[in-house]
Amino acid sequence: MTSSIPPSFECPISHDIMVDPVTTADGHSYERSEIVRWLRDHNTSPATGAILPHTNVTPNVTLRKSIEEWEESHFSLIRRSDLVLETPPIASGTFKTVSRAVLKSIPGTTTLLATPRPVAVLELRDGRELLAEAKILVRLARHPRLVRYVGMCKEFHEDGRACLVTELASLGSLSDAMPKIADGITAGHEVAVLQQVCSGMEMLASEGLVHRDLAL
């Protein structure tokens, strides 16, 4: 994310831009997972320290929409020097090529990551579709079962072609991953995986999108 993130978009606990903002009884907003974790052991406000009249949280729909609109117009630019590309590509299709890479800094900043982050680099065959694809990824990444958009590298190739950077599904294709982990998971885990995959696919369907590959 860029260094110009509006402060109200950042969770006061994690200091990351919020994906699912919720509001507590005192009117402050937090990332849902962060405040739920906090409230397991506290009955106070992380922001003020005051005791909360209750620990219920309410979705902040207006804030979430504002964050989504901001993200769609700020594509988190990544410098080419901050991406270390691995070869060969892990997948190549009619519309795009996907490669593994390592991201060395926080997108939109010069701040180095304490631990370089594994990411996926998407190179589209038709560069004209890049911005449209980025907007879709930003919107879809709000769903917890879909990969998150990380940023865009506008000068990925010497000829000026850009690429998109997303969260890496480290285990790869679902059909390849399941046999590898089959001995280490229970039937309950398998059901949970299937429920999560179905949840993500339901989101894609609601957006009128067709996706041909599932990954973990």
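User: Leaving aside its neighbours within four places in sequence, with which residues is Ser45 in contact?

Analyst: This is a predicted model, in which local features need pLDDT of at least 70, side-chain atom pairs count only at pLDDT 80 or more, and totals for chains, interfaces and linings use all residues. Residues are numbered from 1 along each chain as its sequence is written, and side-chain values use heavy atoms, with hydrogens and water left out. Contact is taken as heavy atoms within 4.5 Å. On that basis, the partners of Ser45 are Asp26, His28, Tyr30, Trp38, Ala50 and Leu52.

User: Is Ser45 buried or exposed?

Analyst: Ser45 lies in the loop between α1 and β3 (58-59), where helices (H or I, at least four residues) and strands (E, at least two) are DSSP runs numbered from the N terminus. Burial is judged by relative accessible area: under 20% is buried, over 50% exposed, and in between partly exposed (1.4 Å probe, protein chains only). With a relative accessible area of 1%, Ser45 is buried.

User: Which backbone nitrogen does the side chain of Ser45 reach?

Analyst: A polar contact is a pair of N or O atoms within 3.5 Å; within protein, one must be able to donate a hydrogen and the other to accept it, and residues adjacent in sequence count only if both atoms are side-chain atoms. At 3.2 Å, the side chain of Ser45 reaches the backbone nitrogen of Ala47.

User: Which strands do the buried residues of α1 pack against?

Analyst: In α1 (residues 32-39), the buried residues are Glu34, Ile35 and Leu39. Seen down the helix axis, they fall within an arc of 125° and so line one face of α1; the arc is that of the directions from the axis to the C-beta atoms. These buried residues pack against β1 (21-23) and β2 (29-31).

User: How many bridges join β6 to strand β7?

Analyst: Two strands pair if DSSP finds at least two bridges between them. Strand β6 (residues 96-105) pairs in the antiparallel sense with β4 (residues 83-85) over three bridges, and with β5 (residues 91-92) over two bridges, again antiparallel. β6 and β7 (residues 112-124) form a hairpin with six residues between them, and Gly108 in the turn has a positive phi of about 80°. β6 and β7 run antiparallel, and the number of bridges joining them is nine.

User: How many disulfides does the structure hold?

Analyst: A disulfide is a pair of cysteine sulfur atoms within 2.5 Å. Cys163 is buried at 0% relative accessibility, and its closest cysteine sulfur, in Cys153, is 4.7 Å away, too far for a bond. Cys198, by contrast, is exposed, with a relative accessible area of 51%. The number of disulfides in the structure is zero.
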